[in-house]
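Have the viewer open and follow along.

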Amino acid sequence: MPAFAESFGTFSPTIHGLIVSSILLPAAFTSFFAGHLADKVGRLKAIMTGAAIFGVGAALEAGAVSLGMFIPGRALAGVGEGFFLSTVVVYICEICPPERRGPVASLVQLLTTLGIPTGYFICYGSVRIQSSYAWRLPFMLQAVLAVALACTCPFLPSSPRWLIDRGHPSQAGPAMDRLQLSLKQFQEELESAGPTRSVIDEPESQQSIKPLLRVFAQENRKQAFLGMFLMGAMQFSGIDAVLYYAPTVFQQAGLSSTESSFLASGITGIVIFVSTVPACFLSDKWGRRTSSLWGAATLAFCMILIGSLYASGSVHGNRGAARWVVIVTIYLFTISYSVTWSVGFKLYASEIQPPQTRATASSLAQSANWVCNFIVALITPIFLAYSSFGVYYLFGFSIVFTGLVCLVYMPESRGKSLQTIHREFDQSLHAKIIGAVRRRRTQWTEEKKEKTKNEAPTKRLESSDSEVSKSSCEEKEKTTSEAPSKRLESSDSEVSGVVG
């Protein structure tokens with residue numbers, strides 16, 4: 001935006017990446033503690049706290065007079081975002097029945113994608129303002145929306161699952177009535193989970209350290225690591241590289257600056273939003289695992305194809321069909337991502353977590369997402385400045401690896417209750433492979449023991465036979481050696497008789 005450049009000057013690719021990504025590391029750091037905060041004070045209070053902090057950070061950005069004020073404001077907004085963003089998904093998952101959880105929880109991603117074209121058109125309109133308000137106005141609107149979210153939270157019903165876990169079952173009933181949840185269905189879910197220990201029963205000194213320790217306990221760590229991996233893999237697909245640096249990407253394909261600005265920010269945002277609509281409402285029909293695998297295949301194809309076109313020197317800025325293939329493939333990539341990974345991974349990373357670790361594990365997964373987002377936002381402009389194809393190969397083969405992980409480790413969770421989803425991990429392909437290996441190892445050990453047991457009498461018999469054979473041989477040798485001596489003695493006796 002020209003007005004922003006007039007206020008702060010122009011930047012190198014590295015500084016550009018640092019400014020864009022300065023919101024991400026603080027968000028990643030605070031999300032480590034967001035789960036504990038949500039467990040301690042409640043989902044809604046955690047969301048309200050984060051939204052208020054974000055609003056203050058956005059206000060600082062809007063009023064910044066130098067980068068020394070703008071970047072801290074952006075970092076403070078990241079702190080607030082780290083507290084509330086992952087907690088929103090946890091809250092929605094906990095207040096929805098299983099048959100409606102997919103579409104309702106996916107609305108978070110739908111509204112996020114709606115914000116992309118909305119933000120573009122706001123900036124497209126504000127850029128015409130002949131003052132610094134051209135770039136300050138969007139941040140003002142962010143601050144207003146964040147404060148509005150914080151003010152709305154006290155009027156929403158609390159999570160019944162959190163109330164029961166904290167030892168407040170009497171308050172869970174009214175909350176369920178407001179949410180129109182079935183008491184019978186809710187009780188069945190709790191019974192299917194088996195007996196659980198309420199957090200309120202733990203000593204106060206342990207409540208501050210137990211959440212993180214429980215996440216990585218043996219029965220929970222598979223889900224936690226998978227959620228963190230999938231949320232990080234979302235960024236290494238390259239989607240935010242396309243969104244953050246779309247003008248650069250399209251200019252590299254040969255479009256003019258004006259065309260690239262409109263296509264990258266406007267049409268790309270609209271395409272993503274339109275693609276997300278059917279994904280939200282059909283998320284419980286397609287299945288999380290199926291959409292993840294199809295998404296991996298399509299996304300990898302797109303990135304590797306673009307990288308190969310650049311690597312072969314087929315893309316020219318002012319001629320040839322290859323540049324249009326790149327542009328079309330970028331749109332195909334964004335559509336495929338919006339339909340599959342953008343909806344499925346965020347929902348899956350939260351719903352697979354056991355009830356007692358869901359908030360903490362979800363916040364750690366969101367933290368992994370932001371750390372990877374920071375890395376991608378930092379390296380993408382540098383990659384594009386020095387290599388036309390390297391970054392596409394990086395993203396493409398990262399997607400291939402993610403697809404293999406999903407194939408082996410990712411059980412289906414569609415339509416299952418939150419309390420019973422973790423049992424599906426015992427039936428995943430990875431669990432079956434490990435189980436088969438362990439059964440074969442046990443079988444081999446038992447066969448070896450049985451063989452050793454059966455071979456013992458045989459060895460003793462062979463040893464006895466060997467001893468008998470040895471004794472016979474010794475007696476035979478003794479007899480053989482004694483025979484000439486006896487014949488000689490007999491001959492001497494006969495000679496003596498003759499002489500005598």
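Q: Which handedness does the crossing of helix 18 and helix 19 have?
A: In this predicted model, local features need pLDDT of at least 70, side-chain atom pairs count only at pLDDT 80 or more, and totals for chains, interfaces and linings use all residues. Residues are numbered from 1 along each chain as its sequence is written, and side-chain values use heavy atoms, with hydrogens and water left out. A crossing is left-handed if the near helix is turned anticlockwise from the far one by less than a right angle, and right-handed if clockwise. For helix 18 and helix 19, the crossing is left-handed.

Q: Are helix 18 and helix 19 roughly parallel or roughly antiparallel to each other?
A: The axes of helix 18 (residues 288–311) and helix 19 cross at roughly 160° and come within 9 Å; axes are lines fitted to C-alpha atoms, for helices over the stretch in contact, with angles from 0 to 180 degrees between N-to-C directions. Angles under 35 degrees count as roughly parallel, over 145 as roughly antiparallel, 65 to 115 as roughly perpendicular and the rest as oblique. Helix 18 and helix 19 are therefore roughly antiparallel.

Q: How do helix 19 and helix 20 run, roughly parallel or roughly antiparallel?
A: The axes of helix 19 (residues 322–339) and helix 20 (residues 341–351) come within 4 Å, crossing at roughly 30°. The two helices are therefore roughly parallel.

Q: How many helices does the chain have?
A: Helices (H or I, at least four residues) and strands (E, at least two) are DSSP runs, numbered from the N terminus. The chain has zero strands, and its helices come to 23.
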